[in-house]
Amino acid sequence: MADPHAVVKEIVVKADPQLDAAVVDQVVMGITLHKPRLRRLGQALQADPDLLTSGRPEGPRMVGQLIGALLAAGSTRVVLPRCAHCGKQNALTSLAADTGHRICGYCAIKQREQVCGRCGRKTAVAYRDRHGTARCQKCPPIDGEDPVTMIVRLLRSLGTGLPVGTLTTLVTGSVPQATQQQRLAWELEDNSSLLTGQGAQARPGCRPCSKSWSSTAHTSSSCPPVRSAANIVPPNTAVTGCAVVTGATSRHGPSRAPTVASPSGSPPALRRARLSATSARAATH
């Protein structure tokens with residue numbers, strides 16, 4: 001599609017001939033100047049022009065944004081899509097796990113609800129513990145020993161030659177978030193050789209639901225739809241983050257390509273920690 005702007009404009013004019021072409025031109029320019037997004041919008045409308053007038057919660061998110069802008073410009077033919085779950089004409093920011101149709105933010109939260117493994121409340125999944133059990137916002141999976149202290153202890157056992165204060169600063173600077181620190185501490189406690197050349201063996205994780213990949217398909221209602229690490233990257237390739245195999249979008253928006261580790265094979269957190277430790281050691285000599 002050489003000119004997605006012209007394609008979208010033409011389809012809109014056909015859907016609502018009463019709108020002035022100059023107004024449509026300004027509306028299309030106003031929703032995005034990002035050509036790949038506009039191309040995806042044009043492809044969706046080419047495949048199904050009725051998305052503008054049917055109110056069906058399908059197609060990319062920009063369909064709803066375009067319709068909203070057209071209504072604000074005076075269109076009387078286009079219809080805002082309705083949430084596939086509640087039927088309300090809210091902003092449809094997520095996808096339904098069962099059908100792949102668009103849903104609003106409130107229904108996306110309800111969709112992600114599970115029983116918290118600690119307090120027993122049924123609520124949105126905010127974290128997952130070491131064993132993959134759901135945790136709510138009030139029950140972060142930080143149990144027992146402080147994760148930074150645990151990581152520092154493991155680093156000292158490897159004979160880094162750096163004082164505790166320096167190691168603590170390096171860990172908190174390389175891995176600033178508490179949940180990241182906890183996951184890294186668990187990973188290193190299970191396999192401390194990740195810091196000594198075996199970083200490629202680290203278990204990749206899914207950022208949206210904080211759940212580690214396994215050899216089987218990764219499924220979670222907090223992270224729809226089904227995802228499989230084996231179908232995304234070659235075997236034994238370290239990966240951080242994930243991509244939706246089906247091409248649908250996750251609760252965080254459009255599908256993204258996986259972030260593959262560098263040739264060294266280490267996930268970013270481990271690479272940052274090793275680089276910081278190397279710099280600190282060099283500074284002390």
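**Cysteines, helices and cores**

Visitor: How far is the sulfur of Cys139 from the closest cysteine sulfur, and what does that say about a bond?
Guide: The gap is 3.6 Å, to the sulfur of Cys136. A disulfide needs the two sulfur atoms within 2.5 Å, so this pair is too far apart for a bond. Bear in mind that this is a predicted model.

Visitor: What makes Cys139 count as buried?
Guide: Its relative accessible area is 7%. The cut-off for buried is under 20%, so Cys139 qualifies.

Visitor: Why is Cys83 called buried?
Guide: Cys83 has 4% relative accessibility, and that is under the 20% limit, so it counts as buried.

Visitor: Let's turn to the helices. How do you know that the span of helix H4 agrees with what it should be?
Guide: H4 runs over residues 61-72, twelve residues in all, and at 1.5 Å a residue it should span 16 Å. The C-alpha atoms at its ends are 17 Å apart, so the two values agree.

Visitor: Which residues of H4 are buried?
Guide: They are Met62, Val63, Leu66, Ile67 and Leu70. Around the axis they take up an arc of only 140°, so they sit on the same side of H4. As a rule, an α-helix has 3.6 residues a turn, so residues three or four places apart point the same way.

Visitor: What covers the buried residues of H4?
Guide: The cover includes helix H1 (4-15), helix H2 (21-31) and helix H3 (35-47). Just after H4 comes Gly74, with a positive phi of about 110°.

Visitor: How many residues has H3, and how far does it reach?
Guide: H3 has 13 residues and reaches 18 Å between its first and last C-alpha, close to the expected 18 Å. Its buried residues are Leu38, Leu41, Gly42, Ala44 and Leu45. Down the helix axis these fall within an arc of 165°, so they line one face of H3. H1, H2 and H4 are among what covers them.

Visitor: What is in the largest nonpolar core?
Guide: This core has 22 residues, and Val8, Val12, Leu41, Leu45, Leu52, Leu66 and Leu70 have the most contacts inside it. H1, H2, H3 and H4 each give two or more residues to this core. Val12 touches Val24, Leu52, Leu66 and Leu70, leaving aside residues up to four places away in sequence. Apart from this core lies another, of 16 residues, including Leu162, Val171, Val175 and Ala185. In soluble globular proteins, nonpolar side chains tend to be buried together.

Visitor: What is the mean pLDDT of the chain?
Guide: The mean is 77, with 69% of the residues at 70 or more.

Conventions:
Residues numbered from 1 in each chain as written. Predicted model: local features only at pLDDT ≥ 70, side-chain atom pairs only at ≥ 80, totals over all residues. Heavy atoms only, no water. Helix = DSSP H or I, 4+ residues; strand = E, 2+ residues; numbered from the N terminus. Expected span 1.5 Å × (residues − 1). Buried < 20%, exposed > 50% of the residue type's maximum accessible area, 1.4 Å probe, protein only. Arc of directions from axis to C-beta. Contact = heavy atoms within 4.5 Å. pLDDT = per-residue confidence, 0-100. Core = buried A, V, L, I, M, F, W, Y, C linked by side-chain atoms within 4.5 Å.
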